[in-house]
Each structure stands twice: as C-alpha cells, then as structure tokens.
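Work through the exercises below with the sequence and the model at hand. Each task is followed by a solution in steps.

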Amino acid sequence: MRIRRTVYAREYRIKVKLKTLRLGLIGCGHIAQMHIDSLLKLREAGLEPLELVLACDLEPERVELFRRNYGFASGTTDFRRMFEAGLDALYICSPTRDHLESVLQAAGHGLPIFCEKPVGRNLAEVERMTRAVEEASLSAQLGLVLRFSPVYQVMRQLLHEQGVGRPMAAVFRDDQYFPVGGSYHSQWRSDLEVVGGGALLEHSIHDLDLLRWFFGEVNRVEARTDYFSGRVGIEDSAVLLLEFASGARATLVSLWHQMLGRESNRNLELFCERRYLASSADMLGTILVQDQHGPVRTLSTRAVDRSHRRMLGRKAPPGELAHSPYVLENLAFLRSLRTGTRPFPDFATGLAAHRIVDAAYQSARQQAPISVS
Ligand SMILES: NC(=O)c1ccc[n+]([C@@H]2O[C@H](COP(=O)([O-])OP(=O)(O)OC[C@H]3O[C@@H](n4cnc5c(N)ncnc54)[C@H](O)[C@@H]3O)[C@@H](O)[C@H]2O)c1
C-alpha cells in the first residue's frame with residue numbers, strides 16, 4: 001500500500017493527498033549529490049513526499065555511501081535492476097557515454113526520467129535518444145539547470161520588456177578549471193571515449209541552451225577550438241560567434257583552465273537597442289541595468305529574488321528553496337509527474353542545443369561558418 005501524505009500545495013490552492021514517489025538513481029557522483037540534497041530538502045519542507053528506493057553505481061563503495069548518507073533503501077551495480085524495482089522515476093547521473101543505454105531502456109519500459117546534460121557524446125546519439133523518448137511519449141526532463149536560475153530568469157524578463165528595443169548582442173564568458181581533480185573526484189572528462197568532447201559539449205551546452213532561450217533560433221555559427229592541455233579531441237578553449245534568426249549576434253568564450261583556486265564563473269552582458277544588462281552570477285546575485293537615459297543601476301540580490309518569486313507566483317517554494325536552481329528543477333520535475341504535464345526542458349530542447357554544438361565543432365574543423373540545421 002503506497003503511503004499518501006496530505007500536503008498543502010500552494011499551486012493546487014487546496015490540501016491534496018500526494019502519493020509518495022519512488023525514485024531511483026544511476027551514477028552516485030557529484031551531480032547526483034546535488035539532486036539528492038535538493039530532493040531531501042523538498043521532502044523535509046513537506047512539499048514532496050518521496051522515497052529513495054534504489055541507487056546504482058559501478059563502484060560498490062559509492063552505492064554504499066549513498067545508502068548510508070542519504071537513506072536509499074537498496075543499492076546495485078547493475079543498472080538493469082532499475083526497471084524491475086517499481087519506480088515512479090529514474091535519475092540518470094552517470095557520465096555522458098552511459099546515458100544512451102539507460103535512456104533507451106527507460107523509454108522501452110515507460111519509466112519517466114530526469115537525465116543529466118549533455119544528453120549524449122554526439123548528435124547521432126542525441127537524435128536516437130530523442131526519437132526513443134518521443135515515440136514512447138516518455139515523461140523526460142533534462143538537467144539544463146540554468147533555465148531555473150533566478151538571475152537568468154529575471155534577466156530574460158528584463159531583456160524582453162516593452163520599450164527596450166530589439167535584442168542586439170550578447171557577450172558570454174564561461175570559465176572553470178579543467179574538471180578533473182579539485183572538487184571533481186573523477187577522471188572521465190579527460191577520456192574522449194566517455195565524454196565525447198570538451199568544454200563546449202560537456203559544460204557550455206548550458207550556455208548555448210541559455211542563449212537560444214534568450215534570443216531564439218541560431219542560424220549560423222563560426223567557432224575555433226584549442227587544446228592547451230594536450231588532450232586529443234577534448235578542447236579546453238572554444239570561441240564562438242553565433243548569428244540568430246532575429247538578427248542578434250552573440251560571442252561565447254568557453255574555457256577549461258588550470259587554476260584550481262578559481263571558482264567556476266560566468267559573465268553575461270546583453271545589449272538591446274535601449275537597455276544594457278550584465279551579471280556575473282549564474283544562480284542568485286546582482287544584475288546591472290542601464291536604460292536609454294539613465295545611469296547604470298544595480299538590482300540587488302534581494303530585488304532579484306523578489307522579482308523571481310513574483311514570476312513563479314504560487315509555484316514558488318518557501319524561503320531559500322527558491323534560491324537554488326537545482327531545487328527548482330527537481331520540484332518542476334516531480335510536479336510534472338504528479339500533474340501528468342510534460343516536463344521541461346525536454347529532449348527536443350536538448351537536441352536543439354546539441355545541433356549548435358555539432359555545427360560549432362564542424363566549423364572549428366573546417367575553419368568556416370556553418371549553418372545550424
Ligand atoms: N547540470 C549540471 O550542473 C551538471 C554538473 C555536473 C555534472 N553534470 C552531468 O552529470 C553527469 C555526471 O557527472 P558527475 O560530475 O556527477 O560525474 P561523477 O564522476 O562525479 O559521477 C559519476 C558516477 O557515475 C558512476 N558511473 C560511471 N559509469 C557508470 C555506469 N555505467 N553505471 C552506473 N554508474 C556509473 C561513477 O562511478 C560515478 O560515481 C554528466 O553527464 C555530467 O555532464 C551536470
């Protein structure tokens with residue numbers, strides 16, 4: 001008998017009985033911890049009754065760690081057990097190479113998934129997974145977490161406000177240390193067979209999705225990639241010029257450097273005809289705004305938080321839960337499962353970002369601009 005708890009869910013406006021969702025997880029690593037922390041916060045706040053049923057990792061010690069630390073009822077090193085465990089949803093948090101098999105199996109079993117980005121190592125894999133998910137009408141969300149960032153939600157609203165004119169350009173810089181070592185406890189990002197590419201695919205897929213969300217479809221891309229660390233096929237520098245169907249343009253500089261002491265950092269500047277916006281926060285932080293006749297003003301973190309909560313309306317979780325894009329993406333996923341609505345960002349959205357990555361890699365190889373199909 002499945003436990004049901006009565007929860008006051010603000011978006012339903014009434015007290016509703018929510019069933020306890022049974023969750024499984026493949027890949028007990030860095031991002032899985034972020035998801036589990038978020039899920040446990042939602043459960044503790046009484047918003048989302050859920051049970052951590054089954055954790056899977058190739059390394060038994062990691063499974064054991066997740067069982068001990070997070071209270072998973074059981075663990076396995078064989079991902080196929082996920083499909084016999086009576087789960088309501090599966091989190092796919094393994095390295096990129098291993099997404100394919102898990103996604104195809106989940107589609108075959110009709111098991112809803114939350115799958116981490118990048119979807120796959122190359123466009124062919126991503127197309128295959130997207131087809132499988134769509135043919136199975138599977139509830140499937142991707143970890144394109146910047147879509148849930150308070151600062152970017154507010155910037156996007158300010159970018160499209162009436163009177164600011166057409167969006168003209170973006171200057172986007174994203175840098176982090178080469179993600180092996182430091183707070184990364186694994187090496188797979190330096191193995192081309194597993195990772196499929198470098199900074200652009202593995203990390204800046206987020207940035208391309210964000211630029212597309214802000215400016216619309218990309219028509220053409222010109223890119224150059226470099227390999228300072230000497231790892232074949234894994235670029236640590238990618239510089240892109242993107243041309244949007246709207247007429248706007250953007251530059252993206254994506255770097256994996258060797259400064260272990262430097263935190264991952266994004267800086268985004270946006271220009272409309274009559275408005276300038278900038279932020280160097282990618283979750284919650286300040287935004288600089290300048291309009292046609294005024295000086296530069298700073299929207300404080302509190303002001304950004306207030307605007308973001310207004311945007312979320314009744315869907316906003318209380319207190320600091322609304323500050324974390326990871327909490328918000330998990331909440332959105334669980335709510336979509338409960339309400340039977342299509343989760344977002346979906347595979348079609350991920351595929352569109354992967355098409356830009358693919359065109360950028362072609363452009364870098366051919367040293368020429370490439371149309372994004
Ligand atoms: N959305 C984000 O902000 C974000 C951040 C970091 C990573 N990611 C993505 O999450 C995924 C995992 O990255 P990570 O940083 O957590 O890596 P990680 O190395 O910290 O964790 C991966 C775990 O998967 C396990 N594993 C490897 N192959 C497996 C298999 N076949 N079956 C089961 N388990 C397996 C490893 O032993 C490890 O414990 C990647 O796709 C990555 O791009 C997303």
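**Exercise 1. Find the residue that stands opposite Ile-113 in E8.**

Solution. Ile-113 stands opposite Ala-140 in E8. The numbering behind these names starts from 1 along each chain as its sequence is written. The model is predicted: local features need pLDDT of at least 70, side-chain atom pairs count only at pLDDT 80 or more, and totals for chains, interfaces and linings use all residues.

Strand E7 covers residues 113-115, runs parallel to E8 and is joined to E8 by 3 bridges. Strands (E, at least two residues) and helices (H or I, at least four) are DSSP runs, numbered from the N terminus. Two strands pair if DSSP finds at least two bridges between them.

**Exercise 2. Give the strand order of the open sheet and name its edge strands.**

Solution. The order is E5-E4-E3-E6-E7-E8, an open sheet of 6 strands with parallel pairing. Strand E5 (74-76) and strand E8 (140-142) are the edges, since each pairs on one side only. From one strand to the next, the twist averages 20 degrees.

**Exercise 3. Describe how H3 and H4 pack.**

Solution. Start with the axes, which are lines fitted to C-alpha atoms, for helices over the stretch in contact; angles run from 0 to 180 degrees between N-to-C directions. The axes of helix H3 (residues 99-109) and helix H4 (residues 123-135) come within 9 Å and cross at roughly 15 degrees. H3 and H4 are therefore roughly parallel to each other (angles under 35 degrees count as such).

Then list the contact, where two residues count if their C-beta atoms, placed from the backbone, lie within 7 Å. H3 supplies Leu-100, Val-103, Leu-104 and Ala-107, which meet Glu-125, Met-129, Ala-132 and Val-133 of H4. By class, the residues of this contact are 7 nonpolar, no polar and 1 charged. Ala, Val, Leu, Ile, Met, Phe, Trp, Tyr, Cys and Pro count as nonpolar, Asp, Glu, Lys and Arg as charged, and the others, Gly among them, as polar.

**Exercise 4. State which element gives the most to the side of domain 1 that touches domain 2.**

Solution. First take the bounds, which come from an automatic or database domain assignment: domain 1 is 4-144 and domain 2 is 146-323 + 344-371. Their centres, taken over C-alpha atoms, are separated by 25 Å. The contact takes 25 residues from domain 1 and 30 residues from domain 2. On the domain 1 side, helix H1 (30-44), H4 and E8 each supply at least two residues. H4 gives the most, with 6 residues. That side has 12 nonpolar, 6 polar and 7 charged residues.

Definitions and conventions. Parallel < 35°, antiparallel > 145°, perpendicular 65-115°, else oblique.
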